[in-house]
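Please keep the sequence and the model at hand while reading.

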Amino acid sequence: MIQTTGARIIAESLVRHGIDVVAGIPGGANLPLFDALAETAIRIVLARHEQGAGFISQGMARVTGRPQVCLATSGPGAMNLLTAIADAKADSVPLVCITGQVSRGLIGTDAFQEVDVYGLTIPIAKHNMLARRASDLPRMMTEAFRIAASGRPGPVVVDVPRDVQAEAVTLDAWPEPARPEAQPMPSPADLARAAALLAGSERPALLCGGGAARCGAGELVAALAEALDAPVVTTLMGLGIVPHDHPRNAGMVGMHGRPAVNHALCHCDLLVAVGARFDDRATGDAKRFCPEAAVVHIDIDPAEHHKNRRAHVALAGDAARVLEALLPLVPSRPRPDWDGHRAGLRREHAFMPPGLDDPKSPYGMLVAAADILGPEAIVTTDVGQNQMRAAQVWPCRRPGSFLTSGGLGTMGFGLPSAIGAALASPGIPVACVTGDGGLLMNIQEMATLAELGLPVKILLMDNGVLGLVRQQQEFLMGGRHTASTFGARPDFPALAKAFGMACVDLEHCRDARGTLAAALTAPGPALVRLAVDPDAHVYPMVPPGAANSEMILEKRHAKA
Amino acid sequence: MQKPSGHAAKETARAVVELIATDAMDAVRHVAACLARRSHALLGLLCLPGPDGEGRLLVALADDGRIPRLLHELSALPGVREARQGEMELLDFQRVVAQGLAA
């Protein structure tokens, strides 16, 4: 018999599920849990805001592929966590979020720091639970880890009233730790139908998203592309599925994707979508996305099939396993006409971002930083122009090395997720590509970073505006830049110093590359500031609602 | 009763979806949230919990051609063991509701 408490059950469950770091903030309603955690070997990372804690856990989960844990107290603590939960749902990130709740007798009385966490998180979590008895917690915790990791991963919220945490209980034994459920496979008949479509196609293309990247399907994707003589096109979340310099990697599709890719997909006659959900940022006007193509859609979540694009063959299952079963059925043959057509598009619509050789330009700084940090580096981004520039030129070599808020598009994601990435991968350099708008949304986590001393290098593109908003206002709102310019601008080097971090400002450097290298190779965190022209736009840009072929291009490429 | 909206071309069609839930009362909120999130026009939702918590949910909604996809999504909800399109017509659904209220 095991004499324990609700809080100790949670702590022991975390240990049994391999959790060694949690991020969170204590408060009145989760004090027993923090007290119990202190009795274990689990390291508690004290974030400065619960959203930061959520994104730190996300950073760890995105790098490891395993569920990670964040903690918040009731009321405002849980409310602050909501954005990170919704973000994890949108990008299918496995999290177990444990919130404190007011004691059972106070629930429903509008008690101090009481909100309906269960109700609030239903639409934004994969699943959620309210613990009513301590004796339920062993099963609930196991369920939470199982659900978070099984099938399409996602966040699970466990709301635990304070008195349930403190409740004494006797257990017979600990349940076995959760294992992800095995996923069903498509039928042989469906696989054969898909193979027949592939075999008969003349202009095939592979579109890979986060689902393909997550399950490590890269080599299988490359093999299928080889057999079909097809390009591998990625979404933002699929970056790194095959290395950036792999001959089959055509680049990213969509709003700020490669022009030649956006044009090529207009002409494909078969699209194999692997773990991609036909998001509007990737497809542009969905009705005009790959208009001539039959679609084979491989996704672990059957609810994604036919949601945004009707599939001719829908294959539900783990992308790697489905591709493994599909590959032997697909005859390999060259398709020289299609290959030649794409080569022509690449020549006609060459993608040449400006300033690649200049470390004092946004693209140049990214390319130089990637080169200095080396192939093992992990990069996180914020949301906006910095994110799109990084997606366009950062040399992604493997899945799980480019962390970005793709679905929800949460500004403020970059810094805390970089802290999480660094916690999960000791010894690996981590770059946080951000803008002044995004950095200021979770700037408080610079204190967490300085305290932890992790090798996170913040690459700040400081333009004093909400850059992508300004860009859209320029193109779509008649150039009226309403409320997108910051009237006051922080002195970021001084701010970094105040937090106890090293900082370099490339604006005043003669040897920008040397200065950058010194900052990036020194131990511990650093902030690198680059002043950026607020009118430097990111091209190409597909206006919302337009077809991907209807890109706005930089003037010097206007013909493309 | 919510007035059907959106997907107007097919909004006159109706369907009843039947769910088997491991915890019927718990599933109600998740099912309702899923329908709201996917913008389905909900016409009625009947929860029939058994003594041990297991039970059936009957969901009447406008059939705008998306029911097969919805069934995939509902059946993936934790706590929902099975989701299928019911044979029941809307009138039958209303009769079951009326019987439930009378009881």
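How much area do chain A and chain B bury between them, and what share of it is on carbon and sulfur atoms? The two chains bury about 1100 Å² between them, with 60% of it on carbon and sulfur atoms, where buried area is the accessible area (1.4 Å probe) that two parts lose on being put together, summed over both. A:Tyr118, A:Ile122 and A:Ala303 together supply 41% of the area that chain A buries against chain B, more than any other three residues.

This is a predicted model, in which local features need pLDDT of at least 70 and side-chain atom pairs count only at pLDDT 80 or more, while totals for chains, interfaces and linings use all residues. Residues are numbered from 1 along each chain as its sequence is written, chains are lettered from A and ligands numbered from 1 in the order in which they are written, and side-chain values use heavy atoms, with hydrogens and water left out.

In contact (heavy atoms within 4.5 Å) are 16 residues of chain A and 10 residues of chain B. One salt bridge (a side-chain nitrogen of Lys or Arg within 4 Å of a carboxyl oxygen of Asp or Glu) is found across this interface; B:Arg29 forms a salt bridge with A:Asp116, their closest N and O atoms being 3.2 Å apart.

Zero disulfides (pairs of cysteine sulfur atoms within 2.5 Å) are found over all chains.

| Cysteine | Closest cysteine sulfur and distance |
|---|---|
| A:Cys208 | A:Cys215, 9.6 Å |
| B:Cys47 | B:Cys34, 16 Å |
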